[in-house]
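Here is a friendly walk through one structure, from its metal site to its sheets and helices. Have a look at the sequence and the model, and then read on.

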Amino acid sequence: MRTSDIFDLLRDGRPRTRAQLADETGMARSTIAARVDVLMRLGLVAPSGGARSTGGRPPSLFALNPAARVVVGMDVGATHAIAAVTDLGGTVLGERQAALDIADGPEVVLGWVVSVIGELLADAKRPEADLVAVGIGLPGPVEHSTGRPMNPPIMPGWDRYDVPGHVQRTYPVPVLIDNDVNIMALGERGAYLPDVDDLIFIKVATGIGAGIISGSRLQRGAQGTAGDLGHVRVGTGDGVVCRCGNEGCLEAVAAGPALVSALTAKGLAVASTGGVVELVRGGDASAVQEVRRAGRDIGEVVATLVNVMNPSVVVIGGRLADAGEHLLAGIREIVYQRSLPLATEHLQIVASRAGAQAGVLGAATMAVEHVLSPEAIEAASAGVG
Ligand SMILES: [Zn+2]
């Protein structure tokens, strides 16, 4: 039993005595005392009131000390960014938003990233020494192990750019990078579905993608492209050419721009995904029909994913999810029709509750998970032990 094993028990926030920790782990009381001492010196565990006792001095209780350190999480989109500073329990201590253009390139955008970290720490009245990690979501494919974007289509100048290295010139802490839909999956789970181990988050906006959590771990795949649903071929896509050059991709028939073209062709004045959502909310019959049709197209791919991954929850998020039940109804219709009965028996298909906050919360979660991982706890313990 290592120090990180003791810490793992205490991470649920429930206070325990040394004796309870010894019972739960089977370790000697003296070993427990030494491990708890290391965690207290790291500031990660703190005394938590006194336990009820049958007499004499009450035994000390210990629990995770979420306020000990902070992380910064950021969701950097194509034209907009949200950043937040949170403690180790995910409590948001301050937030900033900004309009920015990812196409301005890494120097400009990361200049904002670095300056906003300083502003957030100042807002939360925390010294720079309290910052232990930064998590950033970007709107394109990322090699998670190096933090470098890989041929991102809407991010000119970012290909293979060393994003962590840039941020670390000012803040020398771990900097974790992932694509936007992966962090949205982490954020949704962390905030609303912490007990769900098998979850698929589907973002439907200008593009379509999925963040896949299986066995409670985010699945990135060998090259980090797992969950790229947008370019799976669907039955209704015959003859429709996608921006990727292939024909019949899901994105080419069911993402925001496809709905804008379909409705424009019907004579409606609509220019953006947001415009489509407004028409649906206003009760426009053609828009409702198109969104429901898009839902069925998405459902075709989700049905396959459900058969392969057997998730217990499928969350639908992204700008088009704001069109509400019509999109979900189309997805549900096809998924329940085409997936195996056993796979859908307890399956829930729900709208994102984290909404626009999913990405920033997930970026912070990614940073916290890194800092509190067994490897990181062992490394930190060796420094004070
Ligand atoms: Zn495509």
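Donors are the N, O and S atoms within 2.8 Å of the metal (3.2 Å for Na, K and Ca), and since water is not among the atoms, sites may look incomplete. With that in hand, the donor residues of the zinc ion follow the spacing H-x10-C-x1-C-x4-C in sequence. This is a predicted model, in which local features need pLDDT of at least 70 and side-chain atom pairs count only at pLDDT 80 or more, while totals for chains, interfaces and linings use all residues. Residues are numbered from 1 along each chain as its sequence is written, and side-chain values use heavy atoms, with hydrogens and water left out.

**The zinc site**

His231 (ND1), Cys242 (SG), Cys244 (SG) and Cys249 (SG) coordinate the zinc ion at 1.9 to 2.3 Å. The angles among these four donor atoms run from 107 to 118°, and the site is tetrahedral. For reference, the ideal angle for four tetrahedral donors is 109.5 degrees.

Which parts of the chain does the pair His231 and Cys249 tie together? Both residues lie in the loop between strand E13 (217-218) and helix H7 (250-254), so the pair links parts that are 18 residues apart in sequence. Helices (H or I, at least four residues) and strands (E, at least two) are DSSP runs, numbered from the N terminus.

Burial is judged by relative accessible area: buried is under 20%, exposed is over 50%, and partly exposed is in between (1.4 Å probe, protein chains only). His231 has 28% relative accessibility and so counts as partly exposed, whereas Cys249, at 2%, counts as buried.

**The chain as a whole**

The protein chain holds 14 helices and 15 strands. Its radius of gyration is 23 Å, close to the 21 Å that the globule rule gives for 385 residues, so the chain is as compact as a globular protein of that length. That radius is taken over C-alpha atoms, and the rule is 2.2 Å times the number of residues to the power 0.38. Along its principal axes, the C-alpha trace spans about 80 × 50 × 40 Å. Of the 385 residues, 49% are buried. Contact means heavy atoms within 4.5 Å; among contacts with a separation of 6 or more, 59% are between residues 24 or more positions apart.

**Strands and their partners**

Two strands pair if DSSP finds at least two bridges between them.

| Strand pair | Sense | Bridges |
|---|---|---|
| E1 (residues 16-17) and E3 | antiparallel | two bridges |
| E5 and E6 (residues 92-99) | antiparallel | seven bridges |
| E14 (residues 313-317) and E15 | parallel | four bridges |

Strand E3 (residues 60-64) has four of its five residues buried, so the rest of the structure largely encloses it. Here Thr17 stands opposite Leu61.

E5 and E6 form a hairpin with four residues between them, and Gly90 in the turn has a positive phi of about 85°. Ala83 faces Arg96 in E6. Ile82 sits in strand E5 (residues 80-87) and, at 5% relative accessibility, counts as buried. Beyond its neighbours within four places in sequence, Ile82 has contacts including Met74, Gln97, Ala356 and Val360.

E14 and E15 belong to an open sheet of five strands, ordered E13-E12-E11-E14-E15 with mixed pairing. Its edge strands, E13 and E15 (348-351), each pair on one side only.

Helix H8 has Gly256, Ala258, Leu259, Val260 and Leu263 buried, and the buried residues of H8 pack against H7, H9 and H10. After H8 comes Gly267, with a positive phi near 90°.

Which residues of helix H9 (residues 273-281) are buried? They are Thr273, Gly274, Gly275, Val276, Val277 and Val280. The buried residues of H9 pack against helix H8 (256-265), helix H10 (285-309) and helix H11 (325-338). Just after H9, Gly283 takes a positive phi of about 85°.

Conventions
Tetrahedral: all angles 85-135°; square planar, octahedral: opposite > 155°, others 65-115°.
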